[in-house]
Amino acid sequence: MTDSTATIAIPDYTTDAFFGLEDRWVQTAPGELTHFHELGEGTPILFLHGSGTGVTAAANWWLNLPELSSLGRCIAIDSIGYGQTVVAPGTAYGIREWVRHAVRVLDALGIEKTWIVGNSLGGWLAFQFAIDFPERLLGIVSMGTGGAKLTGALQGHANPTLTPEGIRKTLELFVVDKSLVTDELVDLRYASALNDTASDRLADVVAARDRDRHELPLDLDVLAKLDVPVLLIHGTQDVVIPVSRTWELLNVIPHADVHIFSQCGHWSQVERAADFNAVITQYLTSHGLGRA
């Protein structure tokens, strides 16, 4: 367990065995203790989760980290305001604040440059990271990139029904194959959502996300000059972030490639996990990462 927490006690928390991931913690600012999972060695790959109710790094990446850790040092964090990351009193949320938190994690772990794999909000953060900290970036893989215009499904995230059935309905929006939304997965997300509610974070993080959707959209003029490899991934049946979001970015980013999954919704890393891992493996291997 990582312990650079001289002033903050590590919470009494263990990620559920369902996810098969070990807990790590690192102090990233005064009063701020970041919870993360780490597997593998070599080139850093930072995983940034989405913004759904009860989301955590484990709940986004449990089917991907074990496989992709053969390519590099995979680090999946709970962003501030989510999961088990401890935030200081008065912490502000927003796109740039989440990006700065990611940079603080890199600094605390001694990482100069990284790949970023981002899902939804995490993909949005990856591109804002590219705009604000281009010198720290090796490349981006983004699925269902966030920051698009508000859809009905996204609006539902702002006022979720915090019951197991409400969580089930939210998760079912993410996939075409509803059988993937098992009772166990619903229970785990519901328990995590209660943690969000207990700390009064959910309304704050959703408000910050939707504020910045209008006030801080991605600067496409800057992204048109982005000089790192980019892979955009989308499911054709994504009702949360329309596939048009990927076409918008593809038409701007000079080194972007695209992979579109058929019969797949917003949760491509879960719904098409084996195929997703294969696509990422091929792409990252082609850009110099590889199995030891």
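A salt bridge is a side-chain nitrogen of Lys or Arg within 4 Å of a carboxyl oxygen of Asp or Glu. In this predicted model, the side chains of Arg-209 and Asp-210 meet that description, with an N to O distance of 3.0 Å. Both Arg-209 and Asp-210 are buried.

**Salt bridges**

The structure holds 13 salt bridges in total.

| Pair | N to O distance |
|---|---|
| Arg-96 and Asp-132 | 3.0 Å |
| Arg-209 and Asp-210 | 3.0 Å |
| Arg-213 and Asp-210 | 2.8 Å |

Arg-213 and Asp-210 both belong to helix H8, which covers residues 202-215. They are 3 residues apart in that helix, about one turn. Arg-213 is buried, as is Asp-210.

The side chains of Arg-96 and Asp-132 form a salt bridge at 3.0 Å. Arg-96 sits in helix H3 (residues 95-108) and Asp-132 in helix H4 (residues 121-132), so this pair ties together parts that are 36 residues apart in sequence. Arg-96 has a relative accessible area of 30% and is partly exposed. Asp-132 is also partly exposed, at 24% relative accessibility. Elsewhere, Arg-24, Glu-38 and Arg-73 are linked in a network of salt bridges.

**The sheet**

An open sheet is formed by 8 strands in the order S1-S2-S4-S3-S5-S6-S7-S8, with mixed pairing. Strand S1 (24-29) and strand S8 (256-261) stand at the edges; each has a single partner strand, so one side of each is left without a neighbour in the sheet. On average, neighbouring strands of the sheet are turned by 25 degrees against each other, direction ignored.

Within the sheet, strand S2 (residues 32-39) pairs with strand S4 (residues 73-77) in the antiparallel sense, over 4 bridges. Leu-39 stands opposite Cys-74 in S4.

**Helices on the sheet**

H3 packs on the sheet and touches S1, S2, strand S3 (44-48), S4 and strand S5 (114-119). The direction of H3 makes about 110 degrees with that of S1. Helix H12 (residues 273-286) lies across S3, S5, S6, strand S7 (230-235) and S8. H12 runs at about 165 degrees to S7.

The length of H3 agrees with expectation: at 1.5 Å a residue, its 14 residues should span 20 Å, and its end C-alpha atoms are 20 Å apart. Buried residues in H3 include Ile-95, Trp-98, Val-99, His-101, Ala-102, Val-103, Val-105 and Leu-106. By contrast, Arg-96 is partly exposed. H3 is followed by Gly-110, which has a positive phi near 75 degrees.

Pro-134 lies in the loop between H4 and strand S6 (137-143). With a relative accessible area of 44%, Pro-134 is partly exposed. Pro-134 and Val-186 are 52 residues apart along the chain, and their C-alpha atoms are separated by 38 Å.

Definitions and conventions. Residues are numbered from 1 along each chain as its sequence is written. This is a predicted model: local features need pLDDT of at least 70, side-chain atom pairs count only at pLDDT 80 or more; totals for chains, interfaces and linings use all residues. Side-chain values use heavy atoms; hydrogens and water are left out. Helices (H or I, at least four residues) and strands (E, at least two) are DSSP runs, numbered from the N terminus. Buried means under 20% relative accessible area, exposed over 50%, partly exposed in between (1.4 Å probe, protein chains only). The expected span of a helix is 1.5 Å times one less than its number of residues. Two strands pair if DSSP finds at least two bridges between them. Axes are lines fitted to C-alpha atoms, for helices over the stretch in contact, and angles run from 0 to 180 degrees between N-to-C directions. Contact means heavy atoms within 4.5 Å.
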